[in-house]
Amino acid sequence: MPQSITKRSKKSGLPPGTLIHIGERKTEKVRITVIDYDEEHLEEREVAQVEEVFPFRERPTVTWINIDGIHDVELMKTIGQHFGVHPLLLEDILNTEQRPKMDDHESYLFIILKMLYYTDTGEAREIEAEQVSLILGPNFVISFQEREGDVFNSVRDRIRNKKGRIRKVGSDYLAYALIDAIVDNYFMILEMIGEIIEDTEEELVTNPTPETLRTIHGLKRSMIFLRKSVWPLREVLSGLERLESPLIQESTDIYLRDLYDHTIQVIDTVENFRDMIAGMLDIYLSSLSNKMNEIMKVLTIIATIFIPLTYIVGIYGMNFEYMPELGWRWGYPAVWLLMGAILISMVLYFRRRRWL
Amino acid sequence: MPQSITKRSKKSGLPPGTLIHIGERKTEKVRITVIDYDEEHLEEREVAQVEEVFPFRERPTVTWINIDGIHDVELMKTIGQHFGVHPLLLEDILNTEQRPKMDDHESYLFIILKMLYYTDTGEAREIEAEQVSLILGPNFVISFQEREGDVFNSVRDRIRNKKGRIRKVGSDYLAYALIDAIVDNYFMILEMIGEIIEDTEEELVTNPTPETLRTIHGLKRSMIFLRKSVWPLREVLSGLERLESPLIQESTDIYLRDLYDHTIQVIDTVENFRDMIAGMLDIYLSSLSNKMNEIMKVLTIIATIFIPLTYIVGIYGMNFEYMPELGWRWGYPAVWLLMGAILISMVLYFRRRRWL
Amino acid sequence: MPQSITKRSKKSGLPPGTLIHIGERKTEKVRITVIDYDEEHLEEREVAQVEEVFPFRERPTVTWINIDGIHDVELMKTIGQHFGVHPLLLEDILNTEQRPKMDDHESYLFIILKMLYYTDTGEAREIEAEQVSLILGPNFVISFQEREGDVFNSVRDRIRNKKGRIRKVGSDYLAYALIDAIVDNYFMILEMIGEIIEDTEEELVTNPTPETLRTIHGLKRSMIFLRKSVWPLREVLSGLERLESPLIQESTDIYLRDLYDHTIQVIDTVENFRDMIAGMLDIYLSSLSNKMNEIMKVLTIIATIFIPLTYIVGIYGMNFEYMPELGWRWGYPAVWLLMGAILISMVLYFRRRRWL
Amino acid sequence: MPQSITKRSKKSGLPPGTLIHIGERKTEKVRITVIDYDEEHLEEREVAQVEEVFPFRERPTVTWINIDGIHDVELMKTIGQHFGVHPLLLEDILNTEQRPKMDDHESYLFIILKMLYYTDTGEAREIEAEQVSLILGPNFVISFQEREGDVFNSVRDRIRNKKGRIRKVGSDYLAYALIDAIVDNYFMILEMIGEIIEDTEEELVTNPTPETLRTIHGLKRSMIFLRKSVWPLREVLSGLERLESPLIQESTDIYLRDLYDHTIQVIDTVENFRDMIAGMLDIYLSSLSNKMNEIMKVLTIIATIFIPLTYIVGIYGMNFEYMPELGWRWGYPAVWLLMGAILISMVLYFRRRRWL
Amino acid sequence: MPQSITKRSKKSGLPPGTLIHIGERKTEKVRITVIDYDEEHLEEREVAQVEEVFPFRERPTVTWINIDGIHDVELMKTIGQHFGVHPLLLEDILNTEQRPKMDDHESYLFIILKMLYYTDTGEAREIEAEQVSLILGPNFVISFQEREGDVFNSVRDRIRNKKGRIRKVGSDYLAYALIDAIVDNYFMILEMIGEIIEDTEEELVTNPTPETLRTIHGLKRSMIFLRKSVWPLREVLSGLERLESPLIQESTDIYLRDLYDHTIQVIDTVENFRDMIAGMLDIYLSSLSNKMNEIMKVLTIIATIFIPLTYIVGIYGMNFEYMPELGWRWGYPAVWLLMGAILISMVLYFRRRRWL
């Protein structure tokens, strides 16, 4: 699970800026799609060679180049050279263990984000992160994804169908829309986790098992994982909002502010979930203690009642020749009476202690 | 319970500014009431159509438009257009999972708050939050509530009966009065929680049960919930106080400062309650351990006394042909004496250990 | 106990500035005393009517008006009007659940503090807080107390006996002296708590009981209570020190700095006590577990020794017709030898495990 | 132990600046020594009357006046008057419960520090603090200690033997050297605590006893105590470093920076120790639970094996007239076989559960 | 283990700037190697006398002097005098217990870092730190290591083989490359720890033993140790990045920024690991309680079933003369029936309680 660092060692010792793909090869073939639009025109196509996208850069229209699959190092170099991206940034794109961040390189902004996927394979429920890198230039946005995903489809639809403002405004709004799609996706993840929390709380009250503990522990790990993706996002967005850059138009500011509010909401929810999960662990431990008390009570009641009785019958099982009681006519019934009296007083004692 | 995120997914993938109501439909019919006043005049009425409130905007008097029920998206759009409210803000009003916040839009201030209700259905005691949005313009305040509530009634009474300064001053004081009513309501909630804490502490000392744990856990959750509503409120109020806006007159500042002090007091109390509840959990766990110790003591005393005695009587229950003791005249009484001696020494031992 | 909010609801819904006394009526009759002094003259008297104190305001001498009992709302209004105190501040004086704070109103400073009393009724030891409000004007100080207290007596004595600088300097030094008396009092409270902590630690080591837990819990609550009073005091004093106000002379600054240092010392001690008390709880819980281990050891030793022995004697208590051992001449002594051997090996086993 | 506040009450109610010695009278006779030096000359002597030191002040050489014992209030007053020290500072020197601090009084700097002593009386190991106050003037340093200590001896030696720069530079370097000696001493204390931690960890693994818990608790208390002395020291030193005062020459800055680094190192170590000690408590508690599990296993194995066997032999101890098994020729060996089978299956069961 | 302070006492009492080696003598012979290069030329050699390296300083090429072994105090002095290094810094180099830091001395930068080694001796897995000091001058870098290490080999290779930018740029980039090699090494350490965490989690779920606890505790200590090395590094790097020094060229800034990001990533991972390890302890404790519950259940089931049965057979083992049941023809089978009924009802009872 602490996957976030497992493959880094591949790179160790190489000069900075060396492009090596660190991460799983999540898709076989790199897929490059271009959407070029302004208020009137829309051109959308998939290209086979990365060089085909270069002409779009010259046009005044907004161009969105989306690259699914980042393991093709040569392709990355070609893009980097054409768009003037610093080798260190290309390295960051390839290294999928990056922390979300935003760098201002004057002629373009570089943004790294984490897209989260929730997978429930039946035996294990896990949150997986995929790195999404954005390069925002004056009239283009390049997005890099580790594999083909469906989170950006809503943005594509809005562009195609002219929904909302997106066709009327520049590349900064497009970048905003993409980040917004990612943050919206966080809410979905949180909803799912919220449901698991609810189910687990139910389970805790009715029938806590070691399995429940495992679920709680898994939730805790998920929260650690989520925090790692979400907290830096906050800095990214507050950075974008405060940024004095010609790349971001003033009219986009209110959207970024809104997005920042959403991120704060995500963080709040994550922190609340953490508190809730911590509380669940306390309850689990208490329930273990409670169960133990119940078990011990049963044992103690049984033992405390029967051990003295067994002692008494043991007495009259002794084989002494001179045991006058044994010869008494009412000896046997008297012993029964004695035992009955002991039983009743024991029961009363436990009642008083509220054990019964 | 982690309701705060449950219905958000409805919106996922839509362009920002799309108006969709997120939340429960808390009231069937949207109810719009207008109170228009200055020092001399007062006009109060309920309108059927939202358009009826527009003329009030032109008058120099203070107009308070209160809208109970926010699920009528068309109505919201009409208001938004007339009063020049940004679609993103309308979206915030409709999405009842917002965090309290204050935005300055020059021609108006936009404030989101949480009104809290405490419901005790007998089987479950819960705090529910309702979102209240305020738009403060130069001579009007529009308030949006999810359902008809009675928290603002005190403000209405003061306007009707000319109590206090409210009729003499502007819309900023009205907005203050509404926020004040909400914060005052928090104290009521805290008082109720304070009483539950007191009762639970009493219970903890006298007779802690798993039910007590459940109450403690519920209190903890309530505190998580309260924090979420109250902490951002602090920022809202300190923002309002520091705000350099022509919408807030200088004479209102002292009231906002007072309100800020109240919010700090609420936060202090919430934090103190949290500390107290954490302490209660410790006590609960200790009491479980104490109980276990008590149970084990009983078991151990009984077992430790009777097991050796049973062993002794077992010895003389053996059927060996050559057991001289069995034939002794005083064998039986001697065994009784022996057992009595063991009993006494055991009791003394437990005394010395302070178990009896 | 969470008394700090219990009576607030009385006020709910009233316009701000409405004077209502919130708190216990701690004294029957309001008592107003005036001390008017400069380096040469001293006039001290108790007045029946509040109006009698007004002439003092015109004199160049320093006037200290002390009001014990704040439940007389009319009297408060009269003072407020004469001295030009804002209704919201009067409200704060009457509402004894205020947080310590300092407000600068240009012509006067308004300070709220908490005076602490430690009450030990035998069955319960509690810290109670009383609100003290100070109004510091150019040549007067008005102090409001909930009931007659003796904490200010030392200041009175110093004025009467010309001890220290107090008679040579202005009203700001008088205000300082009063706050200093309150902070000095905190050290007394902390000393008492320190002693209880010491006693409880002793008890923890020698003989921890559920009663000890109760004491620890009580100490924890006291710390929560103290923090609430002391932390805001720090802000009050750092505010006073940094204040650019003609009301505070430069020569008083060093005294305020000294007072600030004392407050930091109080806070440090409170935080240290908190840490100590947290440690005590850990010890208590460990001692419970230790005790349990001791109990279980006793039970286990007894059971483990006697259960096998009882089994053996049970064997020879069987009534089979063909049990050759029963007829053996040395069968009975052989069983004794066997049992002795088992006993010794058990004891050796427990020795090796360090249970004996 | 919470000694830091125990004697403060002596002062309560007195005007500020009243000189009263608060603390133990650690030495009988106040001892005043003077060392006066420049690069060529060195004069060292012990004076009987404090007035003898005054002439040194006029000389251009550096004068170090060291006063062991601060309970002679008259002497303090004389010094204060001659050197122009504010009464509040004299009060701070006498009150040994001060927090480390640094005050800039333009013509002199006033510094309070804590010197730590580690005492191991065999039955209790404790850290004791002694207050050291320094007054740094243009060409003199006055140091006040509660009792004669040996920590400053190294500085004395360096002055006497012209070791290092000390004889070539001014009084600021002397003050630095004294503080450095105190901080160096902290490292000694930390080394000793480090050794105790190591020993205790060893003990925890091999044979944890309630005594171990007591040691852990003691370490925790020591850390609370150390923090109290060390954290404020950091502020003192960063204050000294940033100070724009003619009393501190620029060439001393690098030494103060170095000293600051050492203090950070001390704080780091204290915090690490705290973390380690917290971890030790967890281990202790786990080891208690582990022990309990071991005890319970032994009991359960014994009881689970012998209770059923005892039941079986009990059956054939019944005295029914018609019990055919009793008359069987192989009845007795058959019971042995049965019991052997039970024993083996039990052992196998415990093996599978890894209890044996 | 708290080695970080153990040998410091050697220095106590000496004047600051006295050169004493504090730390283990990790290598016998000090080894000095020089690499001098520019884009065209490369000279690499090992020198016997430190004086041989001085001529390199005059050349315009970049000179990297690497010194393995720092215990030769005389050598350090010679270097210090030649390169104008302040004695306090030499002291820092020799004292291997320094905290990572960066000091700007105008003509050179002084940087202290920690290189980490992970050693797994089979019986103990530990992280060891070695101090690396760098002096960065206008055209030289001097690096001090405690012993010969292989972490810098990758940098050497890049210089030799002209890989990347290193041969084209100045000494600042060389310093960056060295720090980068150290930070890259941290990722290796973290990967190894990540694997141990994974294994331990696996172990926790399948078969937790006291050994597991020891591993968790060891991990915790490693984290404390790592934090100590990594957190100050962050300040070092953010300091370097913000530094306005002619020693650092603008083109290197982006590399420092990248390095800073890596450090943040290391810190994030360390903090996540801490959270995970804390969670593992909770699981361990829960699993102890669970085990105890299992053990107690077994005991209770056995005892609760057989104790009553043993009691019954005890009854009919009594020797009363008048016990009618004993003479009954079907008495014995009836007892069996009774015992069977008890057994079945017990089993049903445990089933209902979900114990079976």
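**Entry 1: Domains of chain A**

I began with how chain A is divided, and I found domain 1 (2-287) and domain 2 (294-352). I note here that the model is a predicted one. I then looked up how far apart these two parts lie: the C-alpha centres of domain 1 of chain A and domain 2 of chain A are separated by 74 Å.

**Entry 2: Overall form of chain A**

I looked up the secondary structure of chain A and recorded eight helices and seven strands. The radius of gyration of chain A came to 34 Å, while the globule rule gives 21 Å for 356 residues; the value is well over the rule, so chain A is more spread out than a compact globule. I also noted the extent of the C-alpha trace of chain A along its principal axes, which is about 120 × 45 × 30 Å.

**Entry 3: Burial and contacts in chain A**

I checked burial next, and 45% of the 356 residues of chain A count as buried. For contacts in chain A with a separation of 6 or more, I recorded that 68% join residues 24 or more positions apart.

**Entry 4: Where chain E meets chain A**

I turned to the two chains together and found 52 residues of chain E in contact with 48 residues of chain A. On the side of chain E that touches chain A, at least two residues each come from α4 (153-160), α5 (171-206) and α7 (253-315) of chain E. I noted that α7(E) provides the largest share of this side, with 31 residues. Sorted by class, the side of chain E that touches chain A holds 22 nonpolar, 17 polar and 13 charged residues.

How values were computed. Residues are numbered from 1 along each chain as its sequence is written. Chains are lettered from A and ligands numbered from 1 in the order in which they are written. This is a predicted model: local features need pLDDT of at least 70, side-chain atom pairs count only at pLDDT 80 or more; totals for chains, interfaces and linings use all residues. Two residues are in contact if their C-beta atoms, placed from the backbone, lie within 7 Å. Helices (H or I, at least four residues) and strands (E, at least two) are DSSP runs, numbered from the N terminus. Ala, Val, Leu, Ile, Met, Phe, Trp, Tyr, Cys and Pro count as nonpolar, Asp, Glu, Lys and Arg as charged, and the others, Gly among them, as polar. Domain bounds come from an automatic or database domain assignment. The radius of gyration is taken over C-alpha atoms; the globule rule is 2.2 Å times the number of residues to the power 0.38. A residue is buried if 20 or more other C-beta atoms lie within 10 Å of its own, exposed if 12 or fewer, and partly exposed in between; C-beta atoms are placed from the backbone.
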